[in-house]
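Here are my notes for you on the cross-links in this protein. Keep the viewer open and click along as you read.

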Amino acid sequence: MRRARMKLAVMVAGAALSLLGTGVASAGTGPGLSTPNAQTGGVGTEAGNPASSAAQAAGVCSDAYQIGTTSYVYRDTAQIASVKQFYSPSCKQNYGYVWVWKSFLDQNIDFDLTVGVWSYDRDSLVGTRNVLDTHDQEFWGNPANTVSECTSGYGLIHIIGETAHETRTDKRCA
């Protein structure tokens, strides 16, 4: 009886987690304390895949993994994108990451996007990548030599005729 209850509890917990879907964000705890993301080939994911074609085009090192929290870009009250910061131990670089939600992309709205790493030490955006007039979903910033600085992942979506929608992840210091 006890074994049956335990098995049922595991099944219920697994079902509940599967219902949460891709909108759930998780974060690594910092260099050396988190495992690299699972490789899923050249496909981008909400969690961030350093092996994706977009990551490779931006020069992201294959061992990059998320550090800190996930933040969200809002358009009014609707979440339209998630923003993360990644770290590569082998390349000693940080990267900004933005994943645009499908619900926003389905509206067929042209937007410009900026992604990078905000350096509090420099009071500026580093590793900046700007993409104009896009409908893409996955965006990586360029490598940012900011590992010894206080940083945040940064993402901005600008829709013509609207105020820019932007956010930063939590501040992380070396």
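A salt bridge is a side-chain nitrogen of Lys or Arg within 4 Å of a carboxyl oxygen of Asp or Glu. Keep in mind that this is a predicted model.

1. Start with Glu162 and Arg75, whose side chains meet in a salt bridge, N to O 2.5 Å. This pair links distant parts of the chain: Glu162 sits in the loop between β7 and β8, Arg75 in strand β1, and they are 87 residues apart. Glu162 is partly exposed, because its relative accessible area is 26%.

2. By the salt-bridge rule, the count comes to 4. Another one of them joins the side chains of Glu46 and Lys84 at 3.6 Å, N to O.

3. Now look at Lys102 and Asp106, where the salt bridge has an N to O distance of 2.9 Å. Lys102 is exposed, with a relative accessible area of 53%. Asp106 comes out at 48%, so it counts as partly exposed.

4. On to the cysteines: how many disulfides are there? The count comes to 2. Cys61 and Cys91 form one of them, with their sulfur atoms 1.8 Å apart. Cys61 is in the loop between α2 (53–58) and β1 (65–75), while Cys91 is in the loop between β2 (78–88) and β3 (93–100), so this link spans distant parts of the chain, 30 residues apart. About the S-S bond the angle is -100 degrees, a left-handed link. Cys61 is buried at 13% relative accessible area, whereas Cys91, at 31%, is partly exposed.

5. A disulfide also joins Cys150 to Cys173, S to S 2.0 Å. Cys150 lies in the loop between β6 (138–140) and β7 (151–158) and Cys173 in the segment after β8 (165–168), so the pair ties together parts that are 23 residues apart in sequence. This link is right-handed, with 115 degrees about the S-S bond. Cys150 counts as buried at 17% relative accessibility, and Cys173 as partly exposed at 48%. If you number the bonded cysteines in sequence order, the pairing reads 1-2, 3-4.

6. Finally, find Ala47 in the loop between α1 (2–20) and α2. Ala47 is partly exposed, with 37% relative accessibility. Ala47 and Thr70 are 23 residues apart in sequence and 9.5 Å apart in space, C-alpha to C-alpha.

Terms used
Residues are numbered from 1 along each chain as its sequence is written. This is a predicted model: local features need pLDDT of at least 70, side-chain atom pairs count only at pLDDT 80 or more; totals for chains, interfaces and linings use all residues. Side-chain values use heavy atoms; hydrogens and water are left out. A disulfide is a pair of cysteine sulfur atoms within 2.5 Å. Helices (H or I, at least four residues) and strands (E, at least two) are DSSP runs, numbered from the N terminus. Buried means under 20% relative accessible area, exposed over 50%, partly exposed in between (1.4 Å probe, protein chains only).
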